[in-house]
Each structure stands twice: as structure tokens, then as C-alpha cells.
Amino acid sequence: HILVDDDSDIGEFPVKASPSRRIILLKRDYTGIIHKNGLGQALQLGLDYGLQAFCNEKPNPVPDNIFLIEADVIVREEWDKKMLEVKETLPEDWLTLDVQSIDKEGNLTYPTTISPRLGYERPDLEVMKYPDFQSCLFSPRLLEKIKFSDYASHFDVMVGNATEGMGGKHYSTTKVKSLHYFNMSRKFLNEIPKQ
């Protein structure tokens with residue numbers, strides 16, 4: 001796992017580095033700066049680090065699956081395994097696979113509801129104009145074509161627009177849901193039913 005803090009005032013990072021976890025802390029703020037592609041820069045740094053051939057003087061295995069999950073998301077246990085199960089059933093044209101964002105009551109919420117929803121590929125798979133970039137699984141085909149750092153905010157929209165000519169689709173599965181945003185949903189942590 002690569003954890004990237006793109007310039008928060010968090011102080012001491014709440015988790016430690018480990019054999020399977022690296023942490024990148026960015027301090028890029030100064031008076032007058034306008035952050036237009038800070039998220040894209042941070043994502044690209046994390047991705048490049050994770051895909052570097054050598055890490056700590058040892059070969060770094062290339063991962064089979066690359067996820068992005070933002071810190072303001074609350075996911076259920078084994079959500080990633082469920083996403084990988086869905087991935088095995090996706091059409092070949094997939095570029096990204098997102099979870100669906102819900103509130104405490106289970107209703108769809110931002111950011112799932114903000115991307116234009118283009119219809120259903122099948123009952124459990126919705127086609128979106130662009131990905132959420134909250135809890136997202138990336139197709140290798142997408143990562144070969146774009147660099148996140150090339151896009152300004154709103155960077156999920158920009159990436160969605162940039163991929164229109166690739167002949168692929170951004171999907172959202174109804175089989176996996178998560179709570180957004182952490183600063184609003186963290187008060188519900190103890191109320192989430194166990195599965």
C-alpha cells in the first residue's frame with residue numbers, strides 16, 4: 001500500500017510504514033498557491049513509487065490490481081475482494097470500476113450521484129461518464145494511456161473526458177457500497193451493521 005498525504009495538517013501520521021506499506025507526505029502549501037492539480041500530482045507520485053522496479057534494494061513486484069481509496073471513505077471488510085470478483089465479469093472495454101457511494105440510510109450520495117449516469121450494462125453494473133476516484137479499481141489499459149498529474153481539478157471529470165476516445169467505459173457496481181465522506185460519516189462508524 002502507498003499512502004499519500006497531499007498536504008494536510010495532520011501532524012503525526014496515524015499509521016506507520018511497514019514491509020507492505022509506504023507513506024509519502026507532501027508539504028507543498030505556501031501563501032498564494034492555487035491547487036489545481038495537486039491531487040493528480042499526489043496520485044502520480046504514489047503510483048510511480050509503487051510501480052518502481054526496485055524498492056529498498058529489492059525487486060518490487062508489479063501488482064495485478066491497482067486501487068485508489070481516499071481517506072474520507074468508509075468501506076466494509078473485504079470490499080476489495082468483492083471488487084475483484086466483479087472485475088472478472090466485466091466487459092473487455094472497462095477502464096475503471098467504482099463502488100457506489102451511500103449515506104447512513106443506504107441512499108446513493110455524492111460522488112456517485114454527481115457523475116452523469118449513462119444507463120446499465122446489466123442490473124448490477126452501471127455505466128458512468130467518469131469515475132468517482134474515491135474507491136476505484138483501474139484497468140491497466142487506462143494507466144498505460146494517462147498520467148494523473150496531467151490533469152487539473154476537477155480531475156476525475158478531466159480523466160473521464162480524456163478517456164472518451166479510448167473506446168472504454170467507466171463502471172460502478174451495485175454489489176459494493178461505501179460511506180462517503182469521512183468527515184461527515186465518521187460519526188456513524190459505530191452504527192454500521194456488521195456483516
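**View 1. The lining of the second largest pocket in this predicted model**. Around the second largest pocket stand 22 lining residues, and those nearest its centre are L39, S153, H154, F155 and D156. A pocket here is an open set of points on a 1 Å grid over the protein atoms alone, with protein on both sides within 12 Å along at least five of seven lines, and lining residues have an atom within 4 Å of a point. The space in this pocket comes to about 330 Å³, where a volume is the space filled by probe spheres set on the points, which are joined across faces, edges and corners. Helix 1 (38–51) and helix 4 (155–162) each contribute at least two residues to the lining, and helix 4 gives the most, with three residues. By class, the lining holds 10 nonpolar, six polar and six charged residues; Ala, Val, Leu, Ile, Met, Phe, Trp, Tyr, Cys and Pro count as nonpolar, Asp, Glu, Lys and Arg as charged, and the others, Gly among them, as polar.

**View 2. Strand 9 between its pairing partners, strand 8 and strand 11**. Helices (H or I, at least four residues) and strands (E, at least two) are DSSP runs numbered from the N terminus, and two strands pair if DSSP finds at least two bridges between them. Strand 8 (residues 117–122) runs antiparallel to strand 9 over four bridges, with R122 opposite L125, and a hairpin of two residues joins strand 8 to strand 9. Strand 9 also pairs with strand 11 (residues 169–180), again in the antiparallel sense and over four bridges, and here V127 stands opposite Y171. Within strand 9 (residues 125–128), L125 and V127 point one way while E126 and M128 point the other way, and all are buried, that is, under 20% relative accessible area with a 1.4 Å probe and protein chains only. In a regular strand, side chains alternate between the two faces of the sheet.

**View 3. Strand 10, covered on both faces**. In strand 10 (residues 135–138), S135 and L137 lie on one side and C136 and F138 on the other, and all are buried. Strand 5 (residues 66–69) pairs with strand 10 in the antiparallel sense over four bridges, L68 having C136 as its bridge partner. Strand 7 (residues 94–102) is likewise antiparallel to strand 10, over three bridges, and T96 stands opposite F138.

**Notes on the views.** Residues are numbered from 1 along each chain as its sequence is written, and side-chain values use heavy atoms, with hydrogens and water left out. Because the model is predicted, local features need pLDDT of at least 70 and side-chain atom pairs count only at pLDDT 80 or more, whereas totals for chains, interfaces and linings use all residues.

Methods
Buried < 20%, exposed > 50% of the residue type's maximum accessible area, 1.4 Å probe, protein only. 1 Å grid on protein atoms, 1.4 Å probe; cavity = no way out; pocket = protein on both sides within 12 Å on 5 of 7 lines; lining within 4 Å.
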